[in-house]
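Reader: I have a model open and would like to talk it through with you. Could we go chain by chain and then look at some details?

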Amino acid sequence: MGRVKAKGIIPGFGISMGITVSMLSLIVLIPLISVFLNMRGMTFAEFWHVITDKQLVSAYKISLGCSALAASINAVFGVLLAWILTRYQFPGRRLLDGFIELPFALPTAVAGIALTTLYSDKGWVGSLFARAGIKISYTPAGITIAMIFIGIPFVVRSVQPVLEKIDPKCEEAAAMLGAGKSRTFFKVILPEIFPAALTGFGLAFARSIGEYGSVVFIAGNIPYKTQIAPVLIVSKLEQFNYAAATSIALIMILFAFILLFGLNLIQARIVARSGGGE
Amino acid sequence: MRTTNTRTKNRRTKKTHRGKMFAALLFALSAFAALTGCSSKTAPTDGASSAAPPAEDAAPVSEAIPEGESLPASEAPVAESELKALEITNVSYDPTRELYAAYNEIFAKHWKEKTGQDVTVTQSHGGSGKQARSVLEGNEADVVTLALEQDINELVTGGLIESGWVGEFPKNSAPYTSTIVFLVRKDNPKSIKDWDDIVKPGIEIITPDPKTSGGARWNFLAAWGFALDLYQGDEEKTTQFLKDLYGNVTVLDSGARGSTTTFVENGQGDVLLAWENEAFLSLLEHPDDFEIVTPSISILAQPSVAVVDEVVDKRGTREVAAAYLEFLYSDEAQFLEGQNFYRPSNPDILAGFADTFDLNLKLVNIDDDFGGWTAATAKFFADDAIFDQIYKQ
């Protein structure tokens, strides 16, 4: 025992690990496990019937499709936003920087109602699109916009620190070696920030799949057309059918887990490759 | 850019640091706002605590409960309990907000006159089913005043309320009723008069989802009642009628208030299927924008009230909780309910509101026409029942 202790350079491993494990258990693990306990007494056939329901499958498609689109848009615009915030000085930059987290801070219902009003065919922005015959609120486009709104901070805040840390010398070196601006960006900067952008993408994606509060207002909620999966969970709860609600939740957790796990794998590979090159 | 040296870089990181602090501050502020928002919802202005000794004022609400609990146990003399301010919680559904805000005042006055004791009623509002679940999961409500009998029955199943609560108060424990009407745009541009007008192609309907909203079930059943009468009991044709109706629905919000917002604030749709009292409230707010159309047949919606037995026995508040619901039937309260656009259950007082309500409206009701909520739910709203079939492709 004494030898093990002597090995640690930083003291306090025992206590910090203890706190971490108990916090994780109380806040993450136990609630997650209790989710599964809600499914007690459900046979596999019942479970299968619930999760393969046609209406639910179409809701998953809408949720996943819109989330993927929203996260992709976020990945592009989030990087752009982070770029502007770290590379340029302009009036109001700090204010803009502070606004990035607002989608986290704002109650989602408030965001949802505001977006719906703005993008409905009678709203400021929506009426412009309505003239071109495009409806946004109450269509999948509206769902995507709400998801972009809640997801953008993930990408910006993942990419920003990495961009800040890139040594200007690398860019200088690239320029000295004759690389143009776009080449410098794609060959020098992008590889550096790509893993971070991927993290942001994954987080935004996972968050969007489960988002209820803001999306529910802007989605028209018509079955098979604009109904998202979380609404069906609420629908099952409304019928006091906890087991069915949990089954749907389980599938959603599974989607999010596979997604994040997959992205982690890709990332690990990228890091290993770039690490080997250095 | 090339001359960017460590100094500017430092400044940059400092700035982002400040930016983050600013954001954190914003977050803290909004979290604080949310918290105060919550607490103001659950614990309204002190009011009644003025009679309590100053030491009590400082004590948190949660400590006041065990004290109340100890009263019956120690058989405290009545005189002593009279000095203590009482607090009860009424868990209700969305559209009753305005009604109970007004009713709590007249009840507090009535209780003070009767017993000399102050009483504060804490209000909570939300979707009816969600509210029932919150009580089931430990939200300590002394009384519940919900949109559906069925939501209260869930509390019976959960063991919080004794069965037979329906008979505890007059008129099936429904002190006021309401019905489903149409809210249309000013001057009724699509000339909507009755249910068969809104199933026509090109009409856009706004109504909430019966799977997630208690109120929306009344809408569905009212339409069913009309169509069944129209087709003289042919259920197949009636189902087709409902299919056409929901085919015209452009936004199926998850709750009744959401639908009202969609129709009133966001300008969607030609007709909103609404609770009568909600329709009147919208009209009150925007008198120049809307009209109410009463169809030929609608449904008698009976929002139910009940004392939550387990909670009042634990807190020793049965007497005041029962009085709170009983007083809803008094002339004064019935009049107030009428003023808040609920139909009073007392026929004499209802007659006084003949100018407001269409009293000739033919009303189907849940017990006689649908065999009660349990049967209606199983037939229409359970998974794969008629409502799901309507949307099946």
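Reader: Among contacts in chain A between residues at least 6 apart in sequence, what percentage join residues at least 24 apart?

Author: That share is 78% for chain A, counted among contacts between residues at least 6 apart in sequence. Please keep in mind as we go that this is a predicted model.

Reader: How is chain A divided into domains?

Author: Chain A is divided into domain 1, residues 1-37, and domain 2, residues 44-277. The centres of domain 1 and domain 2 of chain A, taken over C-alpha atoms, are separated by 31 Å.

Reader: Which residue with a positive phi follows helix 13 of chain A?

Author: That residue is A:F240, whose phi is near 55°.

Reader: Where does A:T139 sit?

Author: A:T139 lies in the loop between helix 8 (124-131) and helix 9 (140-165) of chain A. A:T139 is partly exposed, with 18 other C-beta atoms within 10 Å. Leaving out residues up to four places away in sequence, A:T139 touches A:G220 and A:T226, while the C-alpha atoms of A:T139 and A:A68, which are 71 residues apart along the chain, are separated by 16 Å.

Reader: Moving to chain B, what are its domains?

Author: Chain B is divided into domain 1, made up of 47-177 + 303-343, and domain 2, made up of 180-300 + 361-391. Between these domains of chain B, 14 residues of domain 1 are in contact with 15 residues of domain 2.

Reader: Which elements give two or more residues to the side of domain 1 of chain B that touches domain 2?

Author: Those elements are helix 6 (128-136) and helix 7 (149-157) of chain B, and helix 7 of chain B gives the largest share, 3 residues. The residues on that side of domain 1 of chain B divide into 5 nonpolar, 6 polar and 3 charged.

Reader: What do the buried residues of helix 7 of chain B pack against?

Author: The buried residues of helix 7 of chain B, among them B:E149, B:D151 and B:I152, pack against helix 6, strand 3 (143-146), helix 10, strand 11 (304-307) and helix 19 (372-381) of chain B. Helix 7 of chain B is followed by B:G159, whose phi is positive, near 85°.

Reader: What about the largest nonpolar core, and which residues have the most contacts inside it?

Author: The largest nonpolar core has 87 residues, and those with the most contacts inside it are B:V143, B:V144, B:A306 and B:V308. Helix 10 (residues 214-230) of chain B gives the most to this core, with 10 residues. Domain 1 and domain 2 of chain B both give residues to this core, so it lies between them.

Reader: Which residues is B:V143 in contact with, leaving aside its neighbours within four places in sequence?

Author: With those neighbours left aside, the contacts of B:V143 include B:I88, B:N90, B:A306, B:V308 and B:Y324. There is also a second, separate core of 54 residues, which includes A:V50, A:L85, A:A146 and A:A204.

Reader: One last topic: in what order do the 5 strands of the open sheet in chain B run?

Author: The order is 7-6-8-5-9, and the pairing is mixed. The edge strands are strand 7 (249-251) and strand 9 (290-293) of chain B, each of which pairs on one side only. Strand 6 (residues 205-206) and strand 7 of chain B pair in the parallel sense over 2 bridges, and B:I205 stands opposite B:V249 in strand 7 of chain B.

Reader: Which helix lies across strand 5, strand 6, strand 7 and strand 8 of chain B?

Author: That is helix 12 (residues 256-264) of chain B, which runs at about 145° to strand 8 (271-275) of chain B.

Key: Residues numbered from 1 in each chain as written. Chains lettered and ligands numbered in written order. Predicted model: local features only at pLDDT ≥ 70, side-chain atom pairs only at ≥ 80, totals over all residues. Domains from an automatic or database assignment. Contact = placed C-beta atoms within 7 Å. Helix = DSSP H or I, 4+ residues; strand = E, 2+ residues; numbered from the N terminus. Nonpolar A, V, L, I, M, F, W, Y, C, P; charged D, E, K, R; others polar. Core = buried A, V, L, I, M, F, W, Y, C linked by C-beta atoms within 7 Å. Buried ≥ 20, exposed ≤ 12 C-beta atoms within 10 Å, placed from the backbone. Pairing = 2+ DSSP bridges. Axes fitted to C-alpha atoms, helices over the stretch in contact; angles between N-to-C directions.
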